[in-house]
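Student: Hi! I'm new to this one and would like a friendly tour. Could you walk me through it?

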Amino acid sequence: MSPLLPVDWRVEPLQKSHGREAFSCGHVALDRYLQQQARQDAQSQVAAVFVAVKPQDSTVLGFYSLSAASIDAADLPPDLVKKLPRYPHLPVTLLGRLAIDLPYKGQGLGQFLLLDALYRSLQAAAAIAAMAVVVDAKDAAAVAFYKRYGFMQLSASKGRMFLPMKTVAALFGFQSR
Ligand SMILES: CC(C)(COP(=O)(O)OP(=O)(O)OC[C@H]1O[C@@H](n2cnc3c(N)ncnc32)[C@H](O)[C@@H]1OP(=O)(O)O)[C@@H](O)C(=O)NCCC(=O)NCCS
């Protein structure tokens with residue numbers, strides 16, 4: 001398959017009309033989520049689900065989901081906690097799922113969707129605060145992917161990782177408030 005240019009991708013909220021029956025990312029649970037659960041989660045406002053498509057083609061090439069969440073302050077590195085107000089729980093944005101259809105892997109779409117999710121999280125945090133973006137990495141490959149972008153592991157679980165919102169702001173050239 002010839003590589004697509006990023007300009008060929010559009011990100012939009014998941015709709016009923018999006019083709020997702022053939023979506024396969026290598027993780028059955030993620031495929032099933034997109035095919036069977038994601039619309040219901042979006043309708044119930046449990047998760048906001050966004051998909052990447054090509055112009056004039058509703059087939060889902062990749063997707064991610066965002067939700068409000070909180071983490072225990074005790075799970076953050078001590079040097080970071082020291083700089084924060086002493087609350088036991090802290091608000092974060094959860095990037096619950098991110099997956100790319102197998103034929104489109106390795107073409108930059110994962111990075112494109114991750115950056116889209118981070119930028120969307122940063123914008124939302126200006127109105128409803130979140131001090132980090134948290135992800136649940138499914139396996140060692142996902143951990144390695146997120147580490148490339150500066151995500152660090154939370155101490156409580158091997159799969160849960162976080163990126164401070166200040167780092168996200170700096171990534172997009174914004175000064176922290
Ligand atoms: C992880 C995943 C989202 C990456 O998507 P992708 O479109 O293949 O990634 P990209 O092509 O955008 O890669 C961006 C960069 O990350 C690197 N990369 C991709 N997967 C990586 C991995 N598992 N470990 C380390 N680096 C990785 C690429 O080499 C590329 O680096 P470069 O810019 O130096 O060339 C995709 O493989 C996937 O859907 N995996 C299954 C689901 C999953 O594990 N999701 C995450 C946890 S929910």
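Tutor: Happy to! One term before we start: a strand here is a DSSP run (E) of at least two residues, numbered from the N terminus. Keep in mind too that this is a predicted model.

Student: Got it. So which strand does Ala48 lie in?

Tutor: Ala48 belongs to strand S2.

Student: And is Ala48 buried or exposed, or something in between?

Tutor: Ala48 has a relative accessible area of 32%, so it counts as partly exposed.

Student: Which residues is Ala48 in contact with, leaving aside neighbours within four places in sequence?

Tutor: Those are Tyr64, Ser65 and Leu66.

Student: Let's take Ser65, then. Where does Ser65 lie?

Tutor: Ser65 sits in strand S3, which covers residues 57-72. Ser65 is buried because its relative accessible area is 2%, and the cut-off for buried is under 20%.

Student: What does Ser65 touch?

Tutor: Not counting residues up to four places away in sequence, Ser65 touches Ala47, Ala48 and Val49, and also Leu94, Leu95, Gly96 and Arg97.

Student: How do S3 and S4 run, parallel or antiparallel?

Tutor: They run antiparallel, and eleven bridges join S3 to strand S4, residues 89-100. As an example of facing residues, Ile71 stands opposite Leu90 in S4.

Student: What holds paired strands together in general?

Tutor: Strands of a sheet pair through backbone hydrogen bonds, either parallel or antiparallel.

Student: Zooming out, in what order do the seven strands come in the sheet?

Tutor: The order is S1-S2-S3-S4-S5-S7-S6, in an open sheet with mixed pairing. At the edges are strand S1 (10-13) and strand S6 (152-153), each pairing on one side only.

Student: What about helices? Which strands does helix H3 lie across?

Tutor: Helix H3, residues 109-125, lies across S1, S2, S3, S4, S5 and S7. Relative to S3, helix H3 runs at about 45°.

Student: Changing topic: which residues come nearest the ligand?

Tutor: Of the 22 residues around the ligand, the nearest are Leu98, Ile100, Gly108, Gly110 and Gln111.

Student: What is 2.8 Å from an oxygen atom of the ligand?

Tutor: A backbone N or O atom of Gly110 is. A polar side-chain atom of Lys105 lies 3.5 Å from a ligand oxygen atom. On the nitrogen side, a polar backbone atom of Ala141 is 2.8 Å from a nitrogen atom of the ligand.

Student: Last one: how much of the ligand does the protein bury?

Tutor: The protein buries 72% of the 910 Å² that the ligand exposes when taken alone.

Conventions. Residues are numbered from 1 along each chain as its sequence is written. This is a predicted model: local features need pLDDT of at least 70, side-chain atom pairs count only at pLDDT 80 or more; totals for chains, interfaces and linings use all residues. Side-chain values use heavy atoms; hydrogens and water are left out. Helices (H or I, at least four residues) and strands (E, at least two) are DSSP runs, numbered from the N terminus. Buried means under 20% relative accessible area, exposed over 50%, partly exposed in between (1.4 Å probe, protein chains only). Contact means heavy atoms within 4.5 Å. Two strands pair if DSSP finds at least two bridges between them. Axes are lines fitted to C-alpha atoms, for helices over the stretch in contact, and angles run from 0 to 180 degrees between N-to-C directions. A residue is near a molecule or strand if one of its heavy atoms lies within 4 Å of it. A polar contact is a pair of N or O atoms within 3.5 Å; within protein, one must be able to donate a hydrogen and the other to accept it, and residues adjacent in sequence count only if both atoms are side-chain atoms. Accessible areas come from the Shrake-Rupley method with a 1.4 Å probe; for residues, only the protein chains shown count as cover.
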